[in-house]
Every structure is written in structure tokens, then in C-alpha cells.
Amino acid sequence: MLTENRIVDLVCTQLELDGLTISQKLDTTQTGIDIVAVSETGKKYFVEAKGATSSKESTKRYGREFNKSQVKTHIGVAFVAAFKVREGNPDHESVIALPNNLSHKELIESMATPIRSSGIKVWLVDEERVEKFI
């Protein structure tokens, strides 16, 4: 099961393969946008990541998939961060990276039209790939 830290690692690897340079990579002990990557043209990608389970071994949720209510809450938090980035950086990309599992995918699909209209991108992540979903 993917933790937020693992999602960050997988997305950074993909961004580097795509030719971008990682200028910021945070883990769950740090605050701020999880990933900032820059293309050769100077376009920035601000990525807010969320995991499928807690990254902290001391929590009750560690190793257990978040329930639908928790998924809804952390996707909401991700959108708040993404909208703030979008407002301050309209010429750059604001991205949310989520685990590619049923709970996350269903919730994102149920909001696909307004997400597309917002300009925020959603990437679904698993161990094999980063799918640029919306």
C-alpha cells in the first residue's frame, strides 16, 4: 500500500524521466507543497501528494487503507493546496498525485468536469506508473 512518501518518490522519478528537475521534495514531516519540479522551459509543476495509508507507523491507520471518509477529507485538503498554488502561479501546473485505487479513482471521476475546468491536474500513481488521469 502506497504511503504519501512513496507517492512522492514515484512521481519524482517520473518527472525526472520526463526531463524535469526536482527543486523541492518534501516528506510527511515537512510542510508545504510536496514536489516542485521545473522543465527546461522554466514551467513549474507544483505537486501535492496523498497516500493510501498513513506513513506513520505509530498511527492506527498505518498499513490499512484509508476509508472513504478519510479519502474524501484528504482529497479536499489536496484541492485546497492545489487551488492556492493555481491562484498564485496561473502559468504553471498545479497537480494532485493520488494512489491509483478504487476509492480515490471513484471520487475523482465523480468530479471530473469541475476538476478539468479548474485547470488542476490529477495523476493516479501505483508502483508501475504515474497515470496523468485528468
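In this predicted model, the cover over the buried residues of helix α1 includes the strands β1 (21-25), β2 (35-38), β3 (44-49), β4, β5 (121-125) and β6 (130-132). The buried residues concerned are E4, I7, V8, L10, V11, C12 and L15.

**Helix α1**

- After α1 comes G19, which has a positive phi, near 95 degrees.
- An α-helix has 3.6 residues a turn, so residues three or four places apart point the same way.

**Nonpolar cores**

- The largest nonpolar core holds 17 residues, of which V11, L15 and V47 touch the most other members.
- Two or more residues of this core come from each of α1, β2, β3, β4 and β5, and α1 makes the greatest contribution, with six residues.
- Leaving out residues up to four places away in sequence, V11 touches I35, V47, A97, W123, V125 and V130.
- Another core, of 15 residues, lies apart from the largest one; its members include A82, I96, V122 and L124.
- In soluble globular proteins, nonpolar side chains tend to be buried together.

**Residue E93**

- E93 is located in strand β4, which covers residues 93-99.
- With a relative accessibility of 14%, E93 counts as buried, because the cut-off for that class is under 20%.
- Beyond its neighbours within four places in sequence, E93 contacts K43, K44, Y45, F46 and K121.
- One of these residues, K43, makes a side-chain to side-chain polar contact with E93 at 3.0 Å.
- A52 is 41 residues from E93 along the chain, and the C-alpha atoms of the two are separated by 23 Å.

**Overall fold**

- The protein chain contains four helices and six strands, arranged along the sequence as α-β-β-β-α-β-α-α-β-β.
- Its radius of gyration is 14 Å, in agreement with the value near 14 Å for a compact globule of 134 residues.
- Along the principal axes, the C-alpha atoms fill a box of roughly 45 × 30 × 25 Å.
- Of the 134 residues in the protein chain, 44% are buried.
- Among contacts between residues at least 6 apart in sequence, 57% join residues at least 24 apart.

Notes. Residues are numbered from 1 along each chain as its sequence is written. This is a predicted model: local features need pLDDT of at least 70, side-chain atom pairs count only at pLDDT 80 or more; totals for chains, interfaces and linings use all residues. Side-chain values use heavy atoms; hydrogens and water are left out. Buried means under 20% relative accessible area, exposed over 50%, partly exposed in between (1.4 Å probe, protein chains only). Contact means heavy atoms within 4.5 Å. A polar contact is a pair of N or O atoms within 3.5 Å; within protein, one must be able to donate a hydrogen and the other to accept it, and residues adjacent in sequence count only if both atoms are side-chain atoms. A nonpolar core is a set of buried Ala, Val, Leu, Ile, Met, Phe, Trp, Tyr and Cys residues joined through side-chain atoms within 4.5 Å. The radius of gyration is taken over C-alpha atoms; the globule rule is 2.2 Å times the number of residues to the power 0.38.
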